[in-house]
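Please look over the sequence and the model below before reading on.

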Amino acid sequence: MTQPFKNTIGIIGGGQLGKMLIESALPWNVSFNILEQSQDCPSFRYASTFIEGSLMDSSKIMELAEISDVITYEIEHVNVETLKALEAKGKTVIPAANILEIIQNKGTQKSFYKDNELNTSKFEIVDSSDAEQVDLTKYSSEKIVVKSCTGGYDGKGVAILAKSDVMNGKVSDVFKGQVVVEEYIEDAKELSVIVCRSRSGEIKTFPIVEMEFDPKINLVDYLFAPSSIEAETAEIATELAKNSIDKLNGVGIFAVELFLTKSGECLINEIAPRPHNSGHHTIEACYTSQYEQLIRIMLDLPLGDTSLISPAVMTNILGANDVTGDYNLEGLADLAKTKGAYLHWYNKTVTKPGRKMGHFTVLDESLDSAIATSKFLREKLKTVKP
Ligand SMILES: Nc1ncnc2c1ncn2[C@@H]1O[C@H](COP(=O)(O)OP(=O)(O)OP(=O)(O)O)[C@@H](O)[C@H]1O
Ligand SMILES: [Mg+2]
């Protein structure tokens, strides 16, 4: 008997992105091996083989590769040197190690955009202790964005400072080592385009989406699909996103985060070489999800259709500010009663303020009614003390 899906996929990282990646391939009966620090992670229960260890541990990554036909990662903080060594031995890593290497460092990533004439905000790369010497007169806003070149995630490596603070040497209080000092884009609309590129070079994009951020913690509150921006602007942003993946020669799926400035200019903020928060809604709202698309690429199948079936709003459920550790989820009955509402819960055993605990997507005939329902449910769904 021949079996269609006999290739096993190895995922470095066992977080919620890995969990949703696996869920998308369950109907096809694809098998997965996972490497993660601890069994107490969202995708543990789905693993055929679970390897416990650091994502930086070369021998653990090798062990994962040994039992997997193709390797991917669901987080950027993995040992890129080991991925290169695997490629040298003929193992397929998607996206390729050299791309992750560019993206892992916010400085090399920004320089890549500049060198390839991909529109991005003005910036400089310096050691944090030298940041006060940067000539800030070329930056128009009174605010300055400072990003740690390495180690940031979910907004944690990003600080928005007053120009005067940068000039007074405050940057070294916030970050050590190399930083990107960057123009603050006032009142930017935050957009995202997920670009998919197959091994044979076929390229597709998901419809551009718009995000609303919580300014205090730099995490997405809501995501709207379709975006309200003009068709012409959407096309320019999508072209910029496609072009950047083309220049990277990327195979895989890539979330290209963009800013739309008040004057209508599109700038690349950053690229994530993996499934992304801005594509969660594609699970229910698109013919093919971002996750299934990555599975197709890894199995060398043609890309699926990316169009929207329905307007959708995705809302992150973040850990409440007053609960740390054990928790209960309140408001589940309200969501269960709502037509077109889909919950994804990440199986995290403990909560902390601002932690991504789950998300829900609401589909409706109009975006406005999906927004109203999402706002209602967001008030109801809360992590509370047990
Ligand atoms: N130049 C900028 N101007 C204005 N706001 C910015 C700028 N750069 C970053 N931000 C704000 O900070 C958020 C996080 O920045 P960025 O995406 O670069 O960091 P991150 O740590 O990789 O975040 P994530 O993992 O959530 O994508 C952005 O989504 C945006 O809201
Ligand atoms: Mg980002």
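In what order do the strands of the open sheet of five strands follow one another? The order is 3-2-1-4-5, and the pairing is parallel. At the edges stand strand 3 (49-52) and strand 5 (92-93), each of which pairs on one side only. Within this sheet, strand 1 (residues 8-12) is joined to strand 4 (residues 70-73) by four bridges in the parallel sense, and Ile11 has Thr72 of strand 4 opposite it.

This is a predicted model, and the domain assignment divides the protein into domain 1 (8-93), domain 2 (122-183) and domain 3 (189-384). Taken over C-alpha atoms, the centres of domain 2 and domain 3 lie 28 Å apart.

Helix 1 (residues 16-25) is mostly covered, with nine of its 10 residues buried. The buried residues are Gln16, Leu17, Gly18, Lys19, Met20, Leu21, Ile22, Ser24 and Ala25. The elements that cover them include strand 1 and strand 2 (31-36), and also helix 9 (282-285), helix 10 (290-298), strand 18 (341-345) and strand 19 (356-363).

Strand 19 also has a partner in strand 16 (residues 312-318), and the two pair in the antiparallel sense over seven bridges. Across this pairing, Val313 stands opposite Val362 in strand 19. Strand 16 is largely enclosed by the rest of the structure, because six of its seven residues are buried.

In soluble globular proteins, nonpolar side chains tend to be buried together. Here the largest nonpolar core has 81 residues, and those with the most contacts inside it are Ile12, Val193, Ala237, Val256 and Leu258. Strand 14 (residues 252-260) gives the most to this core, contributing six residues, and the core draws at least three residues from each of domain 1 (8-93) and domain 3 (189-384).

Which residues does Val193 touch, leaving aside those up to four places away in sequence? They are Thr205, Phe206, Ile208, Ala237, Thr238, Ala241, Val256 and Leu258. One of these, Ile208, is placed in the loop between strand 11 (203-205) and strand 12 (209-214).

Why does Ile208 count as buried? A residue is buried if 20 or more other C-beta atoms lie within 10 Å of its own, and Ile208 counts as buried because it has 23 C-beta neighbours inside 10 Å. With residues up to four places away in sequence again set aside, Ile208 touches Leu191, Val193, Ser227, Ala234, Ala237 and Thr238. Ile208 and Val256 are 48 residues apart along the chain, and their C-alpha atoms are separated by 9.8 Å.

Apart from the core of 81 residues lies another core, of 16 residues, which includes Tyr139, Ile144, Val145 and Val166. Turning to another strand pair, strand 7 (residues 143-148) runs antiparallel to strand 8, and five bridges join the two. The bridge partner of Val146 in strand 8 is Ala159.

In a regular strand the side chains alternate between the two faces of the sheet. Which residues of strand 8 (residues 158-162) belong to its covered face, and which to its uncovered one? Ala159 and Leu161 make up the covered face, whereas Val158, Ile160 and Ala162 make up the uncovered one.

Definitions and conventions
Residues numbered from 1 in each chain as written. Chains lettered and ligands numbered in written order. Predicted model: local features only at pLDDT ≥ 70, side-chain atom pairs only at ≥ 80, totals over all residues. Domains from an automatic or database assignment. Buried ≥ 20, exposed ≤ 12 C-beta atoms within 10 Å, placed from the backbone. Pairing = 2+ DSSP bridges. Contact = placed C-beta atoms within 7 Å. Core = buried A, V, L, I, M, F, W, Y, C linked by C-beta atoms within 7 Å.
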